[in-house]
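Reader: Please show me the model and its sequence. I would like to go through some backbone features by question and answer.

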Amino acid sequence: MLYERESELARIGTAVRQAQAGRSSALLVTGPLGIGRSSLLEEAGTSPPGNLRVLRANAAPMEQDFAFGIVHQLLGPLVADDLPTPGDHDVPASEAVLHGLRSILADACATTPVLLLVDDLQWVDLPSLRWLVYLARRADGMRAALVCTLRDGDPRAQHPLVDDFADAADILRPAPLSLDGTRALIRHQLGEPAEDSYAHACHDTCAGNPLFLQSVLRDQALNGHRPTAEQAHQARILRPTPLRDRLASCLHTQPGPVRDLAAALAAFGDHGEPDLVRRHARLDTISYQRALRALHRLGLLAPHDDTPRFMHRVVCDAVDSALTIAERERSRDAAAELLHQAGRPADHVADLLMGVTDSHRPWAIGVLRAAAEAALRRGAPDAAARYLRRALLESTAGDGERARLLIDLAKAERGIDPAACERHISQAVRLLSSATDRAAATLLIPPSVLGGATSSAVDLLRNVSEDFEPTEPCQGCPCEIALRLEARLWHAGHENPAELTGAVERLRSLGTPPPLDTGGARELAAVLNNAGVLSSALPAPDVAALAGQILEREPVTSAPARTALPLVAVALYAADAVEGINTRLSGEQHTDRPHAGVHAENALIQLACGRLTQAREQADRAAGLADADWREPTTVVRAAVAMESGDIELIERLLEDPGRRRPAGLAMTVVRRLLRAALDARRGRGADALKALLVCGRQLESAGWRNSALFPWRPRAIVLHHRLGETRPALALAEEELAWAREWAAPAALGRALRLNALLPGGGGVAALRESAEILRTSANALELSRTLLQLGRTLEGGKESRAVLREAVALTTACGAPWLTERARAALGTAAPSQEAPLTQGERKVVSLVSRGLTNQEIADELGVSTRAVEKHLTSCYRKLGVSGRRELLGARSALGSR
């Protein structure tokens, strides 16, 4: 199936009609490799119009010396006996011989018009080529049309006889496929329309060359891939082997300078410059330009590019396939040397060194380290790690230099492979002679915010701590290291109840407030405070006060601290005191490079305020940015959002997610059980859900984790006991929850405990609900307040107060993005959902317009020059006026907005 070749086929059709009318013509279809010349010739000879005889010939490289071979292919069907003997070089292509061959064709044309099709003129044997030139110049009076194809860039395409034929013929040069043509070919090959990103990927990568495109699509079809956005990247990087072999065969026929230039381009990759490439290929300027033109004519170079580059990655593979491994390495090593001598960027040189097993260049390690530093600055730790691993292979230096390389490698691996980071730090520690250096290196092992440390990491911390003795008085760097080592050791034991108790005692021994002047002191305080949160050994006001003091002294940086700030955020979330960190995060969001930790912390804050839509948005952003070190914390945050909002789809995805590298710690184990319980409860398996929750409770209790604000197994178990009619265990758990909440003294937790008690017989009823509402009005959590108001309104069973609290519940649940609660409140109130006739203000319309463009709250605030709080207020007002629960429903209502 041909696409976008209508004009060429029409031109050939015109030549055929002219031949039928007695006017001969010659056409030459020319173009680069893969443009579709042969397919066009085949299509032209299929189902010819009217009474027409088609004579075909296909030239081949191996038959170039077979004299009169093409003549026999063309005229053999007409008359075999009067033709020169094929392969007989003794028969000269004289004027008489050429005229005799023309006469044979003229006799055939006298009765029936003839269409002669010759593929690959560049490989036609010389006697036959002379006859074709003779025929093109002396075809007057014959009813014949001659159509030949010629591949640009082939050495034989420059033969004088080929030039003579081109002068006598009309030239047809098929253009590359357009984007629409690419779409049509994709649909033909894969059987369905391509999504935009896939079509653009194919068009950009293959530059409209049908051969390249068909090769890619054939591989995609064999692998069962569909033309979707998810496969666009695969289409860009695919390097079909059959195409590589065909290109290698083509390059093999090129003269030495062309092959040398192609090898130089392959060696430099994306980093070649004309002069450096020329020097690598050892060509003078004239030879370089000639070879460059040949590669351009072959269609192997990207068009309209001042710096020569292959038009597709598979071309480089084709060049490399013709070289031995040793030749390829020598070529890349020489290219790296030229780039280094020219002072090009370290990462460009390093990219070439990565393809060399052993360069032995004295500057190689320095270049690789510089390239790694550049990769880390641009946010590519995986590339940095590759450079540094390569540097380790090059290194023959002593222990100190090797230790520094291992430490640099571990820094690059912190966020992508914590296990490798720990392994390389352990290797470096054994090579370092200084106790201070060993301690500083050990602190580079990333602490897990939620999961437990590996036993090997704990052993390393203990050994280094015992060996490290800061000088007296304890000041400066040694003291800072000692504090951080202590913090890491306490944090490593946070799943051990005895360690939690010891950590709280250590915090009390530091005084009120503890020292917070240095980063190490703040990290230690955050870890010890976290022990108080997990164990509930400290009341929420004390926890919040210390967390706020840490937050005040911690500088705003573009890279959040890996232990202190996340633990502070968790403490403030559990203590229902999120105002401080909410202000802090509004500043951190303006950093150049977003961090998963910032979005995860912000999701916690939004969740603590009951804003489910915003919490989901921030949690999803955190998951999209999370590296290996932040994968578990972001999963826990997303799980909290999913359970609070009852998002079954998200719960199922989180339970199916296999992306954990480390063994699951207690936090992840419990969260997965809570997710499973939530799913079972939603699907009517209350008994199974209750069993899972009680197992969670026993696990948490055995570890000394008693904070129900973080892991609310008990509140959910109370509700399930109540649904199953098990009043006595429900009351027992409710009393435990209320006792704990009064000791913890966080408004959200206490208000929830009172509401759960009021649900049960003898639990306080209306009085408990009134107390719950009063306490929750001091909380940031509007969702918990709305739940209490809904329960209070139902319990009051009519009357002015009942209607008032239910109306307030409707407003709060709508603002929080909890439509299921809004429905219940409206049902209790006896009112239908409001019509969408409330007009939006001009400011609200602007915000809705920016939401439709996919902007975040922060981006909308930057666009309008207002605070994120103002944007949130606008969105809340829009949700309330339009009766929607979040951004997705808001976008669905946008068409209605536009019609008013």
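**Loops and backbone angles**

Reader: In which loop does Ala745 lie?
Author: Helices (H or I, at least four residues) and strands (E, at least two) are DSSP runs, numbered from the N terminus. The model is predicted, so local features need pLDDT of at least 70, side-chain atom pairs count only at pLDDT 80 or more, and totals for chains, interfaces and linings use all residues. Residues are numbered from 1 along each chain as its sequence is written, and side-chain values use heavy atoms, without hydrogens and water. Ala745 lies in the loop between α37 (727-744) and α38 (747-758).

Reader: What is the phi of Ala745?
Author: Most residues other than glycine have a negative phi. Ala745 is a residue other than glycine, yet its phi is positive, near 65°.

Reader: Is Ala745 buried, partly exposed or exposed?
Author: Buried means under 20% relative accessible area, exposed over 50%, and partly exposed in between (1.4 Å probe, protein chains only). Ala745 has 34% relative accessibility, so it counts as partly exposed.

Reader: Where does Arg282 lie, and what is its phi?
Author: Arg282 belongs to the loop between α13 (274-281) and α14 (285-298). Arg282 is not a glycine, but its phi is positive, at about 60°.

Reader: Is the peptide bond from Thr512 to Pro513 cis or trans?
Author: Pro513 is found in the loop between α25 and α26. Most peptide bonds are trans. The bond from Thr512 to Pro513 has omega near -10° and is cis.
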